[in-house]
Amino acid sequence: MIAENKPCECCQEAASTEELYKRLDDVMKEYRSKPGGLIPVLQIAQGLFGYLPDEVVQRISRGLNKPYSEVAGVITFYSFFSTRPRGKHMVRVCLGTACYVRGGKQVLDAFKKELGIEVGETTGNRLFTLDVARCFGACGLAPAIMIDDEVYQRVKPTKIKEILSKYQQPATAEGKGS
Amino acid sequence: MPKLSINNMTVEVPDGATVLEAARKAGVNIPTLCYMENLQAIGACRVCLVEIEGSRDLAASCVMPATEGMKVQTNSPRVRKARRTVVELLLSEHDGDCQTCNRNDNCELQAVARELGIREIRYPGERSRRTTDSSTPALERNTAKCILCRRCVTVCSEVQGVSALFPQNRGFKTVVGPAFCKDLNSIACVQCGQCAAVCPVGAITEKDQIDQVWAALDDPTKTVVVQTAPAIRAALGECFGYPAGTLVTGKMISALRQIGFKAVFDTNFTADLTILEEGNELLTRLKTALVDKQDAHLPMFTSCSPGWIKFAEYFYPGILPNISTCKSPQQMMGAVIKTYYAQKLGKKPEEMFVVSIMPCTAKKFEAQRSEMGRDGVPDVDVVLTTRELGRMIEQAGIDFRSLADGQMDSPLGESSGAADIFANTGGVMEAALRTAYEVVTGRPLPFENLHVTPVAGLEGVKHAEIKIENTVPDWKFLEGATLKVAVAHGLINARKVIEQVQTGQADYHFIEVMTCPGGCIGGGGQPRSTTNDVRKARMAAIYREDEGKQFRKSHDNPAIRKIYEDFLVKPLGEKSHHLLHTHYHERKPF
Ligand code: SF4
Ligand code: SF4
Ligand code: SF4
Ligand code: FES
């Protein structure tokens, strides 16, 4: 899984897993003796690998001499850490009360069907990750969804194909010019 | 020394004491769920709330310092109401099928609900997510019964130094368990069961195997025999209302006979056998080092405690050659029953069914290690913990308290006092020294009553030095040497000793490690709750048992002499190698 790395942001050249591990080890060296170093190391690791695969988590546990159970506890506590690969775009469907009663669930089902994935999963082309949320403060125009930082309101299940199409072109999934 | 008032009674407590401790001193009971004496006071469960005059909020007494002039009410209407609410909320998400729960009638949550007089749950909530984990041979987990008290987390990290458990996720989805909610079997867990010993509810328990034993007893093709570990006799009574430290050896034997075992044997016998094998192994290693000047992998570590073995396999694979190759007494007994004793009966090994009663959940794991048997026949078939035996006796309808005393069967039921003390931290060391010193010098170990007091007791790491003088001719090379020994219990203390050895700060020859605090008497399968007072009472009982024995040293046990004459020939001989010794292998912690 880790073989398919995100391209290096600065020089557009894919770093090998070995190189990424080496960078992670360097980062850990710096943080090892600092209290509270775990969260920054996890953030950097997620930046390097795109997510936190188990092998990376285990390496961090060894490198920082922190129990695996505790590192996993911290990762699963914060929603901004992900242990599964994440797509380029984050689709979040609101299931807050207002959205829920006004058809949020149907919208979610339509996304599942259209993308062919369950909540928390990522499409095979690494383009979309589907998630649910609890209120973006757009209750007045429910049901709402959010793709990356953009909020869409009064979403109808029939409209989602159109919304998604905006994100499907061009072939940015391969990371050109992100 | 602050003085304060608890329910209008004045009590004086040491500086730094909490309100909970002050109340206990005043004879006032405050319910607790997350608190553990000497180990954990985190104010998490809020069951121990009290009212403090002049303070607006109720306080968690387990973390509230007792201060001069404080006025505390532990039983006001406000306190009762608040505690009830706390417990009702716990119950509202709890998988409360008490009748089918391992902890039925011996559950701290049940007890607190009863003490608080809870008759209805006003907040019917969504039940916690249920995931069950039966992946290991020793333990069962059910997260829907977990009250998130964190006792297991603290014990696993601070007492055992394993840190297998930690809260995962957050909010309602929180689960206390291994990393990423994996199964216990897929992470580095040593199966010690200390988590199960402190869990207040049925969220982590021993794997109940009583029905497998009933089935074997019912099988006419099996000859079912039982062995009992040294630590059982000092704790089983607690399952039947006896105070901690009551020796119930005779009643235990009678109960096992009534259950229907064909023979009742004593793991003590193979504890004596272990001393002969392991004592000789130590002396041989010393000889290799001192006379042949070769690497003999010293210090040698004891090998009786399977949690410790698994711990070393995960975390210190480099010291595996230093661990004695002796199987544990439980496994030696299984091997001897299925060979020596089976031959006497004219039975095949596979017709014998060996049940062990152990204070330990890791023994369940040990029994099914592939090294522990021959030709697909395991040395030991089923291991029951002390707690399971207590329940099995109850299931059999036996009135334990009215039983007469029984006797162990011959020949595998005879033992010396040195075997009894295998139950206590420091005991294997003492037993080994009683024999080794005498072999080398021809004189008894020079300690009062043969007790090596420097290595006894609840201190985490203990050590002693024994000067060897006037040796018998065979052991001349040890003349003038000083034997340095150490004893650790609780695996966090094993870590300390190993690190001392690895960094060259210590040059011990022989190190005893027992997985559980206090040794086997504090094992993860013993009756709950094992506090330090309970440990001390059980340890004292074991020393009484030792002192009451006709023979106090393993090599004096006539049945041991006989098994060497008739069967094994000599310690570390061909047969011993085949039946009584084993090897270890590295395990990856991830
Ligand atoms: S843990 Fe206690 S309260 Fe819960 S079901 Fe078991 S016995 Fe009942
Ligand atoms: S059995 Fe021992 S090592 Fe395993 S989780 Fe429980 S306390 Fe930790
Ligand atoms: S498993 Fe038991 S000891 Fe561990 S947190 Fe849950 S209730 Fe507490
Ligand atoms: S016992 Fe005090 S908060 Fe749990």
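Domain bounds here come from an automatic or database domain assignment. This is a predicted model, where local features need pLDDT of at least 70, side-chain atom pairs count only at pLDDT 80 or more, and totals for chains, interfaces and linings use all residues. Residues are numbered from 1 along each chain as its sequence is written, chains are lettered from A and ligands numbered from 1 in the order in which they are written, and side-chain values use heavy atoms, leaving out hydrogens and water.

**View 1. The two domains of chain B.** Chain B is split into domain 1 (3-75) and domain 2 (89-206). Their centres, taken over C-alpha atoms, sit 26 Å apart. Where they touch (heavy atoms within 4.5 Å), 11 residues of domain 1 of chain B meet 15 residues of domain 2 of chain B.

**View 2. Chain B against chain A.** Here 13 residues from chain B and 16 residues from chain A are in contact. The rule finds 1 salt bridge across this interface, a salt bridge being a side-chain nitrogen of Lys or Arg within 4 Å of a carboxyl oxygen of Asp or Glu. Look for D54(A) and K182(B), whose side chains pair up in a salt bridge at 2.6 Å, N to O.

**View 3. Around ligand 3.** The shell holds 13 residues, and C146(B), C149(B), R150(B), C152(B) and C199(B) come nearest; a residue belongs if one of its heavy atoms lies within 4 Å. By class, you'll find 11 nonpolar, no polar and 2 charged residues. Ala, Val, Leu, Ile, Met, Phe, Trp, Tyr, Cys and Pro count as nonpolar, Asp, Glu, Lys and Arg as charged, and the others, Gly among them, as polar.
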